[in-house]
Amino acid sequence: MLESYLKKRLEEKEILLMTHIVIGYPTFDDSLRIIEKMVKANVDLMELQIPFSEPIADGPVILHANQRSLAAGATVKKCFDFAQKAAQSFDIPFLFMSYYNILFKYGVDSFATKVKEIGFKGAIVPDLPPEEGEEYLKAMEDNSLAPIFIFSPTTPEERMRYLSSFGKGFIYCVARKGVTGKETEFSGQLDKYLAKCRRATDLPIALGFGVKDKKDIDFLKGKADIAVIGSQTIRLMDQKGVDAVEDFIKSLFG
Amino acid sequence: MFDRGYYDGFGGAFLPEILVATFDELVETFEKAKSDPCFWQEYSDVMSTYSCRPTPLTFAQNLTDMFGGSRIYIKREDLNHTGAHKANNVMGQGLLTKRMGKTRVIAETGAGQHGVATATMAARFGYKCTIYMGEVDVHRQRPNVFWMGRLGAEVIPVREGTRILKDAINEAFRDWVANMDTTHYVLGTACGPHPFPEMVTYFQSIIGKEARKQILEAEKKLPAGIYACVGGGSNAMGIFSDFMEDDVDLIGVEAGGKGLESGEHAARLSSKDASIGVAQGYKTYFLQDNDGQMKKTHSVAAGLDYVGVSPILAHLKETGRVRFEAATDKEVIEALSLTIKKEGLIPALESAHAFVQAFKEAPSLSKDQAIIINQSGRGDKDIFTVAEAFKDPKWMEFIKNKAEEYNA
């Protein structure tokens with residue numbers, strides 16, 4: 001179970017690290033090399049995004065990665081084949097991230113069965129609130145997979161508790177308003193928000209959106225259980241190439 | 001939580017968590033306004049003093065004589081301020097924005113009509129305004145871009161994806177998730193997450209309410225059919241909504257582009273190329289591949305060039321209450337040309353799609369029957385596209401001379 005893995009891991013580390021890639025960006029081969037480097041740099045878990053043509057919650061960096069991966073010929077089938085290879089090669093938990101239409105068109109039940117078969121542990125679907133997710137929740141449950149739900153700074157505490165009642169594994173807390181990959185202010189405001197998230201759930205909490213360096217991660221120690229790095233590794237890779245990823249991840253805990 | 005706005009499985013509210021509270025507020029504001037007996041009065045007062053409501057229902061004597069079948073009436077939404085039915089929706093949402101105490105509005109636009117309408121509304125109410133418009137549309141609708149700028153709106157060309165309407169919607173959502181405290185997103189059509197399909201239809205229903213009264217006065221009976229073009233579906237929902245329970249054929253006409261067989265079109269309900277999916281926050285028919293990736297669409301009319309369609313219309317297709325047809329770019333130019341020459345009316349390229357289908361069916365209807373075509377917008381804004389389609393030599397010469405003047 002994802003939750004117990006995370007809790008066990010937290011006995012040894014102050015904060016865990018989850019990283020994100022868009023499958024097939026810049027290429028499928030590169031994607032696999034990036035995962036290899038991230039695992040070597042000791043990341044604790046990863047979310048692999050199946051690209052979608054209309055990723056409304058993503059900012060420019062991840063949006064472009066989605067578009068380029070699709071333009072280069074990524075399909076859902078190729079993403080699953082890739083994911084299977086990743087799960088067989090590396091011994092960390094993986095999650096899928098994608099938008100609901102990808103699941104819907106594949107068939108929600110078939111999707112969950114496939115995720116299980118590949119050996120992934122769960123999924124993050126940012127445009128699927130539990131109110132619309134009855135079929136998804138059941139399929140995930142049937143396959144012992146973790147549906148990851150999201151808290152945001154605009155979510156009232158009562159709704160956080162409601163979301164938490166459907167979530168498994170951990171809760172993904174979005175650090176601020178806006179889309180992925182923009183600046184976040186790591187300040188007292190964020191402390192208060194994380195405390196509120198913590199009160200509303202017993203699940204481990206991850207914080208993402210705008211986490212980009214060691215300073216941000218140090219700030220989160222003792223406040224969140226998992227730091228999520230998304231756009232920053234893609235940005236780095238765009239600028240300095242795939243090989244820069246390993247040192248970057250290592251530097252976060254240096 | 002609110003009722004999630006389903007129409008027999010279509011619709012819903014597939015929202016990122018960050019927007020849930022914003023939608024709760026919007027639903028609450030809309031519900032309160034609807035149940036406030038003064039609100040509709042306030043809305044229709046604004047529309048009669050600021051826009052041009054009620055818009056006339058024009059009897060098209062010459063077209064009627066030419067086709068020799070049913071009597072043809074044209075509902076003149078082109079006579080609204082800013083030249084299209086879009087004004088109805090934006091003024092309504094402008095009033096709601098005031099009720100929510102917000103100070104900024106954003107909108108997507110395809111043809112630019114909704115953008116211009118939103119910019120006028122923002123100027124009138126004193127809101128800040130940002131308009132997202134696909135880069136392709138910015139190029140084909142330059143005059144509207146000019147006016148938006150003059151009206152004080154910031155126009156942001158969207159260079160993502162296919163660079164048309166759907167991409168502009170995505171960018172507007174991305175703005176909204178960051179700025180919802182101050183900002184209302186004035187979605188321009190009866191699509192998107194609940195309550196937009198219902199809310200936009202509610203404001204646009206003013207078209208059908210008037211048309212019903214006007215046709216009963218003119219003909220002493222209901223029409224045999226009503227024709228409206230369908231992009232997102234707001235003008236169609238607007239004119240159809242008051243005839244839903246009647247024995248009146250309702251016909252929605254989509255963009256057939258270069259022909260349904262060509263694959264280059266935007267026909268979601270009248271072709272076999274679309275399938276049910278979930279994107280941009282709602283469930284409907286989308287032009288998408290088997291993986292669920294949205295496809296490129298094409299239409300000569302920027303306002304119809306959209307991958308999705310109103311979930312309410314998707315539902316009405318399934319029940320058979322509304323029939324859907326497609327008109328090709330070529331047929332649209334011909335119908336436009338004919339309407340200009342015969343009646344002196346200049347429908348928008350979007351609206352001309354409805355004329356195409358009405359012209360196909362009018363001859364086989366009897367002389368004592370009437371039909372209504374919704375002229376959702378005026379065509380003079382399309383002067384560049386239309387002049388090009390007509391290959392008008394004098395216009396081309398004018399443009400060349402103008403360019404030389406500016407180069408000099």
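A crossing of two helices is left-handed if the near helix is turned anticlockwise from the far one by less than a right angle, and right-handed if clockwise. The model on screen is predicted: local features need pLDDT of at least 70, side-chain atom pairs count only at pLDDT 80 or more, and totals for chains, interfaces and linings use all residues. Residues are numbered from 1 along each chain as its sequence is written, while chains are lettered from A and ligands numbered from 1 in the order in which they are written.

**Stop 1: α5 and α7 of chain B**

Select α5 (113–125) and α7 (142–150) of chain B. Helices here are DSSP runs of H or I with at least four residues, strands are runs of E with at least two, and both are numbered from the N terminus. α5(B) passes α7(B) in a left-handed crossing. The angle between the two is about 15 degrees and their axes are 9 Å apart. Axes are lines fitted to C-alpha atoms, for helices over the stretch in contact, and angles run from 0 to 180 degrees between N-to-C directions. α5(B) is therefore roughly parallel to α7(B); angles under 35 degrees count as roughly parallel, over 145 as roughly antiparallel, 65 to 115 as roughly perpendicular and the rest as oblique.

Now show the side chains of Gln113(B), Gly115(B), Val116(B) and Ala119(B) in α5(B), with Asn144(B), Trp147(B) and Met148(B) in α7(B); these residues make the contact. Two residues are in contact if their C-beta atoms, placed from the backbone, lie within 7 Å. By class, the contact of α5(B) with α7(B) has four nonpolar, three polar and no charged residues. Ala, Val, Leu, Ile, Met, Phe, Trp, Tyr, Cys and Pro count as nonpolar, Asp, Glu, Lys and Arg as charged, and the others, Gly among them, as polar.

**Stop 2: α4 and α9 of chain B**

Go next to helix α4 (residues 86–100) and helix α9 (residues 196–219) of chain B, which pack at about 130 degrees with axes 8 Å apart. α4(B) and α9(B) are therefore oblique to each other, and their crossing is right-handed. From α4(B), Asn88(B), Asn89(B) and Gly92(B) meet a set in α9(B): Val200(B), Phe203(B), Gln204(B), Ile206(B) and Ile207(B).

**Stop 3**

Colour chain B by its domain assignment: domain 1 is 6–48 + 85–196 and domain 2 is 54–83 + 206–389. Such bounds come from an automatic or database domain assignment. Taken over C-alpha atoms, the centres of the two domains of chain B are 22 Å apart. Where they touch, 37 residues of domain 1 of chain B are in contact with 42 residues of domain 2 of chain B.

**Stop 4: the sheet and its helices**

Select the open sheet of chain B, which has six strands in the order β3-β4-β14-β9-β10-β13 with mixed pairing. Its edge strands are β3 (57–59) and β13 (322–328) of chain B, each pairing on one side only. Two strands pair if DSSP finds at least two bridges between them. The twist averages 25 degrees from one strand to the next. Within the sheet, β9 (residues 225–229) and β14 (residues 370–375) of chain B run parallel and are joined by three bridges. Gly225(B) has Ile371(B) as its bridge partner in β14(B).

α12(B) packs on this sheet, touching β10 (249–257) and β13 of chain B, and its direction makes about 90 degrees with that of β13(B). α13(B) lies across β4 (71–76), β9, β10, β13 and β14 of chain B, at about 145 degrees to β9(B). Helices α12 (residues 329–343) and α13 (residues 349–361) of chain B also pack together, at an angle of about 85 degrees with axes 8 Å apart. They are therefore roughly perpendicular to each other.

**Stop 5: peptide bonds and phi**

Most residues other than glycine have a negative phi, and most peptide bonds are trans. In chain A, zoom to the cis peptide bond that joins Tyr25(A) and Pro26(A), with omega about -5 degrees. Pro26(A) sits in the loop between β1 (16–22) and α2 (28–40) of chain A. In chain B, the peptide bond from Arg53(B) to Pro54(B) is cis, with omega near -5 degrees, and Pro54(B) is in the loop between α2 and β3 of chain B. Last, select Asn42(A), whose phi is near 80 degrees, a positive value in a residue other than glycine. Asn42(A) is found in the loop between α2 and β2 (45–49) of chain A.
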